[in-house]
Amino acid sequence: MPKTIKKIIICEDHQIVIDGLRSIFKSNKRYDVVDYVRNATDLIKSLKKYSPDILILDLNLPGKNGLEILKDLKSNQEGLKIIILTMYNTESIIREVIKGKANGFLLKNCSTDDLMEALNHIYKSESFYLGEGVKKISNHSNLEKEDNFYNKIKITNREKEIIFELMQGLKVPQIAEKLIISTFTVETHKKNIFRKLGVKSSIDLLKFANENQLF
Amino acid sequence: MKISYFNTILQLVAILIIYLACSCCAAQNDTVYITSKFEKAALIDVGKIYSSNKNENLSQIINSKIWKKSNNKKHFYFGFNSKYEHILFTLSNKESLPRSLRLEFSNSHINEISTYVLKGNAFLMLNASGIAYPFESRLISHRKFVFPLEISGNESRTFLIKIKKEIGHPLITSIDLLDKVKFDQKSVAQYLIIGLYFGLSILSILFSLFAFYFLRNSSYLIYALYVVFLGLFISSYLGIFQQYFLGKDVLFNKYLHYVLFSEVSLLLFFIFSQKVLMVKENLPRISKAVHILVLTLILIRFSIHFIFQHIYLHFMPVIMKIWYGIILLVCLLIVFELIVFYKKNKKRTSFFAIAYLFMITGTFITVLYHSSGAVNSYIYGLPVIFYSSFLEILFLTFTIVFMVKEIYDERNVLSNQLAYQQQRFLTAFIDGQEKERERIGKELHDNVGSRLGNFKRLFSKKYSNEKMNNVIDQICNDVRELSHQITPSEIKLVGLPGAIIDLVTRNSDEQLTIEFNCYEFPEKVDENIASNLYRVVQESLNNIIKHAEANSVDVQLIGHKDYLTLSIEDDGKGFNNSKILSGMGLQNMKSRVEQLKGNFLLDSTLNKGTSILITIPIN
């Protein structure tokens, strides 16, 4: 049990949510809502003024959004615990929140128990707190690496066809005629392929295809 | 040496004097000398003429002194009042070999021509032809009146040509004596040129009929009729009509059809010119005047030919002057119309004016030729009016083609405007839809969602009712899902790639693998571009799930230096149906892309899949 009273700031642009949260914390002796703010600029002032322990942060805010605030805060606010409270429940956002090094993620329809559990958890454990009903992310520790690896090898069927024809020495108009598509389509695919593989010429492409055994 | 020079000069002078003397004799003589080099002689240079009003006894007039040389040095011109014309000439063969010659009349509308040869003191009739005889009776089947003349070696024969013409009409014709081989060569060349003319006519007629069929404008029909009648007139002027269409018909008035064709074509031209120059719209009074004049012309001609033929006979020259006067007036009115219309449509007027110039020139020369014989009207055996009408049709057809092009261009502009309008409507529709969705989505997300969440927390604090909590959670989830579907507001938070990842995750299942990859995609993308591209992905995934029966889909975002690419490729059943292409879903996607000034490329192969490739310019 933490002995000191934890100071909480709520950053949320809906009065009804603020009111609800304040009424929950009113009867709780362990936490004290010292301030509530509606946007990023007010938040920074408030943080300076109160140096709170916990920030309950909404993502959908006017001006700077919650994810941007999260990135700013985590780089220069040591010791501040941040819990995201949001309507969003999508993988991409949860990933971003985890990447942003927040401490927990709660849905706006979380129960009071869930909220209290989250507040307890962030002081007990270093691990990320996923609230009730939040989507589970599989092995999120290796997300970025996996992405890069994937990027390098994924070539679509259409692109394979075009690479194949390019390797046969065909020019763009000939390929277009052969595949019965417009030259502009072939040209666009070709540029995409070059861009994706980071090659600058058909010769580089040939090398790449051979090294990676595309065919 | 000097003496030798002097002798040569003396010899040359002697030869010159002899030559001049001979040619002088020849000019005064009525004899054509046939040598081995002989090709052609104009009978006007040698023949003697005698005009009469009654049918003379030929044997009696042979030695009288009534024979005269023609005043006109180019062609035979017989005035209004005579009825019978006689031309006398002699052929003298200087060679020992017999020769075949041809006597050719340039005019194809002579009533009666008979040829005679002098035997002792009597004229023996050789042959008779003319429009009073059926075509088949001609000895030589030719568009012109052509008579064969045979002459033995070293022989001299005197011939007489007797022409019967109508009183009240002047008659003008060239009569040439030609070597048979030369005549045949000339004929072939002329028929070839005539063939070209009719080829052009037929093309013009077909084109204008097509134009009439598709554009439903009577101008083109009138033009087609004009070319038909002009062709008939020219063919009958050249004698082609008689040769090919009147072979056996003796009853048909062979002079009348020629006049009929010329007049119908002239009237059609007048009407056509009024349409081309849009006189009714621009100069309504002139238009009325021209129509009255044209009607007068029709009436005059009708009277001359069908009703008062005999009454008018004596006034023919006067009537003809009135007739030509009215035509001249209409022609001048057309010139005025041309000047007025030039300001409105330079190209069309120029084409028409050139054609008109050719027509006027040709007609003027021909009228002058036929009424007075003052000008020569034949070039290489074909009349000037033939060449001028060839050029006229050429330029009138240009005019017509240009008119069709104008209409086509106008329609193109209109349909482009229509397409542009439709595009604007669609864009506005999409915009409105997007705004409305955003409003509802925001309301659901911010207001309803927040209130529900708050309600649940307050509720769970007071009552720990598992069942009720679950029900509230369910409602919250539903609202969240609904707000997601309505507006992809997470784009603002996680960017387009993040939002597409969620979309892809939501739509993937055991049957359908959707892969999303993102390469070099810029961090910040314009909100409008992002939300439109998101919608395109959403729409096409919906399509794929509903229709494609695909197993896998590849969605890619690729960032380039100054543009973005979105590609969506599936391995489904594909389609080649234009209904799908013009369907609302695809049109919606296209219009989103067009709104971003991007390119929408789609190719689909049956049983192989569909590939959508979109490029959007950035910066």
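A: Let's start with a term: two residues are in contact if their C-beta atoms, placed from the backbone, lie within 7 Å. The model is a predicted one, where local features need pLDDT of at least 70, side-chain atom pairs count only at pLDDT 80 or more, and totals for chains, interfaces and linings use all residues. Residues are numbered from 1 along each chain as its sequence is written, while chains are lettered from A and ligands numbered from 1 in the order in which they are written.

Our helix is H5 of chain A, residues 112-124. Helices (H or I, at least four residues) and strands (E, at least two) are DSSP runs, numbered from the N terminus. H5(A) has 13 residues and reaches 19 Å from its first C-alpha to its last, close to the 18 Å expected (1.5 Å times one less than its number of residues).

Which residues of H5(A) are buried? They are A:Asp114, A:Leu115, A:Ala118, A:Leu119 and A:Ile122; buried means that 20 or more other C-beta atoms lie within 10 Å of a residue's own. Seen down the axis of H5(A), these residues fall within an arc of 140 degrees, so they line one face of the helix. The arc is taken from the directions from the helix axis to the C-beta atoms.

What covers them includes strands S2 (31-37), S3 (54-57), S4 (81-86), S5 (104-107) and S6 (129-130) of chain A. Take A:Ile83: leaving aside neighbours within four places in sequence, its contacts include A:Ala118 and A:Ile122, along with A:Ile54, A:Ile56 and A:Leu106.

How values were computed. Buried ≥ 20, exposed ≤ 12 C-beta atoms within 10 Å, placed from the backbone.
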